[in-house]
Structure formats: structure tokens, C-alpha cells
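Hello,

Here is the model for you to look over. My notes follow below it.

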Amino acid sequence: MAISFDKALGIHPAALQFRAQRAEVLANNLANADTPGFKARDIDFASVMKQQLSTQGNESAVALEKTHPGHVSGFIDEVEGGELLYRIATQPSVDGNTVDTQREIAEFTQNKIAFDSSFTFLNAKFKGLSTAIRGQ
Amino acid sequence: MSLANVFTIAGSGMSAQSIRLNATSSNIANAETVSSSIDETYRARYPVFAHALDEAGQEGSLFDEQPSEVGAGVRVMGVVESQQELEARYDPNHPMANDEGYVYYPNVNVVEQMADMISASRSFQTNVDVLNTAKTMMQKVLTLGQ
């Protein structure tokens, strides 16, 4: 009987990856806080989550039919399936930049906390697995 | 791994802000650099920032199969000189005065430069914070399973 890591770990590895990716997007917003004309962007968690659930073995998922063993599966990138959206600016700026530094910092911090909690869950899963293996 | 990109992005931000800080300090230092001709007078310098797009991803790196839309931080396109008019002062006793008795002062607005300096230093700090947070996130990942 083999342990399926995908089943044992659930959504958490993907969540961790999503958080890392979102950190990149938010860091990019903050780095471009003084770039004229730059539009702040973000990824929507809900849409990524929805897509994750549909790709994770749900019957209702839209899957590509493979008619040849050489066909590659998973054309849709696991995390990048979530669309990169533009943030709605709270205040207009003269140079067309839509980065609100305070808001981006808040989002970045929140993202970090979410990352930490996903990490904690994942770590707990691994600990549970190793306890099961040792049989204690 | 996208967390590694955060380092590049925040690093580019820090580098761009330090260029801005350099230009500002040069402007403030030369605020009183007078000259007897318009052409030789110091003009305020400003770096031009632009959004850097991730080109490394498009070349097909090992991890990024698709070109990243996210971008790779900020890039300094160049430094431009302000085209604002210079300040001509009538001061015939000045050693640098020209034949008509005028000296030219740079178009540096010290108040504006101070505001720019604070803005640059704050943005620099923000990027350092981002870098630090990314560092702790990455260190945490390395302890997975321990």
C-alpha cells in the first residue's frame, strides 16, 4: 500500500505555492511604488482555490482527453491558473501609478501570515505521516 | 520558485531608490554651484523609473515554463536633466559674473529635493522590509518536516 502524498497533504502545498507567488506580485507592486504609470496587481485567492478543487480529482472537472500516451497532462499551471488582476485605485495620482504603499504592505503582511499558517498545516501533516510510519 | 524572485524584485527596488537618492544628493550638493553661462550651469537630475518585465522567464528557465506576467521589479531607464529655466541673478561683484553682470544658479529646488529624499528613503525601507519578510518565509520552508 503506497502513501499518496497528494491525498495526504491536500490543498496545503498548493496554498503555500500560491502564497509565495502572491508575495512576488505584491513585492513587485511595492518595488514599483514610484514608477510612473505602473498599475498595481494582485491574484485572487478564491479563483485559484476554485481551480485547485476542480483539478484535484473532482468528477466535474473539465479535463483534456488524452488519445496518445505521449500527450502531456496538466496544461494549466497549478497556481498561475488564477488570473493576475489589476487593483482598483483608492486615490488618483498625477503620474498614473496605482500603488498604495500602505495597502500593499498590509496585504503583504497578511499574505505572510497566511503563508505561515499553511506551512504549519503542512508541517503537521508531515509529522502525522512520520508518526504513522514509526507506528508510535 | 517564486520566493527567490522576491529577492530580485526587492533588490531592484532598493537599487533604483539608491540611484534616486544619489541623484538627490548630487542636486542638493550642487544647489549653489553658480556659473557664468547657461550651458555650463548644473541642472537638476532625475532618474526615470520603469517597470521591468521578467525576460529571464521567457528564455525558458528551468522553473518558469511560461513567461511570467508578474514582472521583475523596477528598472532605471536613465537619468534626465531638468529642463526648467535656470535662475539668472544680477550680481556684478560675483567672481563668476559674465560681461553683463549675471550669474546663473542651478534649477534645483532644495525643498523639492528634500521631499524626494524622504520619499526615496521610505521606499528603500519598504523594499528592505519585503526582503526580510521573504527571507523569513524562505527559512521557514527549509525547516519543513523538522
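UniProt places the feature "domain: Flagellar basal body rod protein N-terminal" (unreviewed entry) at residues 9-34 of chain B. UniProt positions follow the numbering used here, feature names are shortened, and annotations may be inferred rather than shown by experiment. Before the rest, the ground rules. This is a predicted model: local features need pLDDT of at least 70, side-chain atom pairs count only at pLDDT 80 or more, and totals for chains, interfaces and linings use all residues. Residues are numbered from 1 along each chain as its sequence is written, chains are lettered from A and ligands numbered from 1 in the order in which they are written, and side-chain values use heavy atoms, with hydrogens and water left out.

Back to residues 9-34 of chain B. That span is 81% helix and 0% strand. Its end C-alpha atoms are 40 Å apart.

Chain B as a whole has 2 helices and 4 strands. These are DSSP runs, numbered from the N terminus: helices are H or I with at least four residues, strands are E with at least two. The order from the N terminus is α-β-β-β-β-α. Of the 146 residues in chain B, 35% are buried (under 20% relative accessible area, 1.4 Å probe, protein chains only). Take the contacts (heavy atoms within 4.5 Å) in chain B between residues at least 6 apart in sequence: 69% join residues at least 24 apart.

Now the interface. Chain B puts 34 residues into the contact and chain A 32 residues. The buried area between them is about 2700 Å², with 64% from carbon and sulfur atoms. Buried area is the accessible area (1.4 Å probe) that two parts lose on being put together, summed over both.

The rule finds 2 salt bridges across the interface of chain B and chain A. A salt bridge needs a side-chain nitrogen of Lys or Arg within 4 Å of a carboxyl oxygen of Asp or Glu. One of them joins B:K140 and A:D116, at 3.9 Å, N to O. Which elements of chain B give two or more residues to the side that touches chain A? They are α1 (2-29), β1 (45-51) and α2 (110-142). α2(B) gives the most, with 10 residues.

Best wishes

How values were computed. Buried < 20%, exposed > 50% of the residue type's maximum accessible area, 1.4 Å probe, protein only.
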